[in-house]
Amino acid sequence: MILDVLFPNRCIHCNTIIDPELLVCGLCFSQIHFTHYNYFENNPVKEKCSLFFPVENAFSLIQFEEESLSRQIIHELKYRSRERIGKILAEWMIDRLDFRDDHPDLLVTVPLHPKKLRERGYNQLHLFTETLSEFYDIPFDHELVKRNHYSKAQALKDKKHRLKTTNTFSVTQPVSGKHILLIDDVFTTGNTVSSVAWEILNAGDNKVSVLVMAVDI
């Protein structure tokens with residue numbers, strides 16, 4: 001209680017004091033550009049994925065525009081040690097994502113390289129995924145896919161280098177006959193998601209759907 005008085009929770013955008021469980025104030029929340037996609041219908045993420053691999057369904061929560069609050073939220077999560085934002089994003093996702101009666105069998109996160117994980121201290125997708133897992137009652141596996149090479153963040157790469165992901169990922173254990181929901185933070189070129197998806201598809205008779213926090217296409 002003393003800490004709450006001395007260091008009150010503030011909106012990450014306008015710095016207004018807000019409830020400890022919130023991320024942004026009500027006024028700033030209205031500035032977040034949610035996608036309003038339908039998980040089961042064509043949308044920009046699904047259309048882009050389908051150019052690279054057979055995708056079942058796809059969904060993104062928010063738009064990742066330049067100089068936007070959405071971009072600030074993702075950057076706070078990834079680069080400012082605000083892991084709790086993953087849980088808040090998951091709660092926003094739960095309000096907007098309906099699997100109907102076609103739940104995936106397994107939630108799988110795009111992995112960080114162990115060196116990057118040590119540097120950051122957490123994978124920004126884990127708390128997000130675990131919150132979804134608990135609500136939808138779908139198991140998760142953070143270890144199914146591993147990243148084989150250390151590289152700098154996608155946001156720091158130019159377009160040419162973003163397209164180089166040969167042998168970047170591998171599947172660590174047998175998996176077959178599963179509908180896997182692949183989870184990542186930001187969808188840009190689709191190259192990372194595609195690389196992981198093909199590893200899963202080639203591992204056995206699997207299906208892949210895609211879920212991302214934000215889309216930048």
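1. Helices and strands are DSSP runs, numbered from the N terminus; a helix has at least four residues and a strand at least two. In this predicted model, Asp102 lies in the loop that connects α5 (85–94) with β2 (106–109).

2. Asp102 belongs to a patch of negative charge on the surface, together with Glu56, Asp98, Asp101 and Asp105. Its relative accessibility is 34%, and Asp102 is therefore classed as partly exposed, since that term covers values between 20% and 50%.

3. The strands deserve a separate point. Five of them form an open sheet with parallel pairing, and their order is β1-β7-β6-β2-β3. β1 (58–63) and β3 (140–141) are the edge strands: each has a single partner, so one side of each lacks a neighbour in the sheet. As a general rule, the strands of a sheet pair through backbone hydrogen bonds, in either a parallel or an antiparallel manner.

4. β1 and β7 are parallel and share five bridges; here Ile62 has Ala214 of β7 as its bridge partner. Strand β6 (residues 179–187) is joined to β7 by eight bridges, again in parallel, and Phe187 stands opposite Val215 in β7. β2 and β3 also run parallel, with two bridges between them, and Leu107 faces Phe140 in β3.

5. How many of the nine residues of strand β7 are buried? Eight are, so this strand (residues 207–215) is largely enclosed by the rest of the structure. "Buried" here means under 20% relative accessible area.

6. The whole structure contains six salt bridges. Glu66, Arg71 and Asp216 are linked in a network of them.

7. Glu66 is exposed, at 58% relative accessible area; Asp216 is partly exposed, at 32%; and Arg71 counts as buried, at 15%.

8. Another salt bridge joins the side chains of Glu76 and Arg82, at 3.2 Å from N to O. Glu76 counts as buried, with 11% relative accessibility, whereas Arg82 is partly exposed, with a relative accessible area of 26%.

Methods: Residues numbered from 1 in each chain as written. Predicted model: local features only at pLDDT ≥ 70, side-chain atom pairs only at ≥ 80, totals over all residues. Heavy atoms only, no water. Patch = residues over 30% accessible without salt bridge, like charges linked within 9 Å, V, L, I, M, F, W, Y side chains within 5 Å. Areas by Shrake-Rupley, 256 points an atom, 1.4 Å probe, with all protein chains shown as cover. Salt bridge = Lys/Arg side-chain N within 4 Å of Asp/Glu carboxyl O. Lys, Arg positive; Asp, Glu negative; His and termini not counted. Charge placed at Lys NZ, Arg CZ, Asp CG, Glu CD. Buried < 20%, exposed > 50% of the residue type's maximum accessible area, 1.4 Å probe, protein only. Pairing = 2+ DSSP bridges.
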